[in-house]
Amino acid sequence: ELGSKLESTCKDVERSSGEVAASGANWEAKYEELMQAQQMAELKRQTCELRTAELASARNAAELEFQTAELLTAQLSVERQSSELRAEEIEAYRDAEFITGDLAMPW
């Protein structure tokens, strides 16, 4: 009877060992699954950071383009005013020449 108890205990131990091994493999698979999920979450976070940086860069570029357009508009306005002043100056000079010329001519 001792031999059959020993044999039964050995079978129980073997069965338990198999269950533990299967359980360990199951936990190992779950651990790998969790690690993959963590890596995927990290990749998504990094992707979001990159996209945020891209959007900020695009916003900055648009702001620079807008400021450049404003500066060009201001420059054109100054050039237009300068041209108008120059035209007025030329007109005044011509008027002065005409008046001086009239005074110099004997009637």
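**View 1. Arg45 and Glu42 form a salt bridge, with their closest N and O atoms 2.4 Å apart.** A salt bridge is defined here as a side-chain nitrogen of Lys or Arg within 4 Å of a carboxyl oxygen of Asp or Glu. The structure is a predicted model, in which local features need pLDDT of at least 70 and side-chain atom pairs count only at pLDDT 80 or more, while totals for chains, interfaces and linings use all residues. Residues are numbered from 1 along each chain as its sequence is written, and side-chain values use heavy atoms, with hydrogens and water left out. Arg45 and Glu42 are 3 residues apart in helix H1 (residues 2-104), so about one helical turn separates them; helices (H or I, at least four residues) are DSSP runs numbered from the N terminus. Arg45 is partly exposed at 38% relative accessibility, as is Glu42 at 32% (buried is under 20% relative accessible area, exposed over 50%, partly exposed in between; 1.4 Å probe, protein chains only).

**View 2. Salt bridges link Glu42, Arg45 and Glu49 in a network.** The whole structure contains 5 salt bridges.

**View 3. Glu54 pairs with Arg51 in a salt bridge of 3.2 Å, N to O.** Both residues belong to helix H1, 3 residues apart, or about one turn of the helix. Glu54 is partly exposed at 47% relative accessibility, and Arg51 is partly exposed with a relative accessible area of 47%.

**View 4. A salt bridge of 2.9 Å, N to O, joins the side chains of Glu84 and Arg80.** These two residues of helix H1 lie 4 residues apart, about one turn of the helix. Glu84 is partly exposed at 40%, and Arg80 is partly exposed at 45%.
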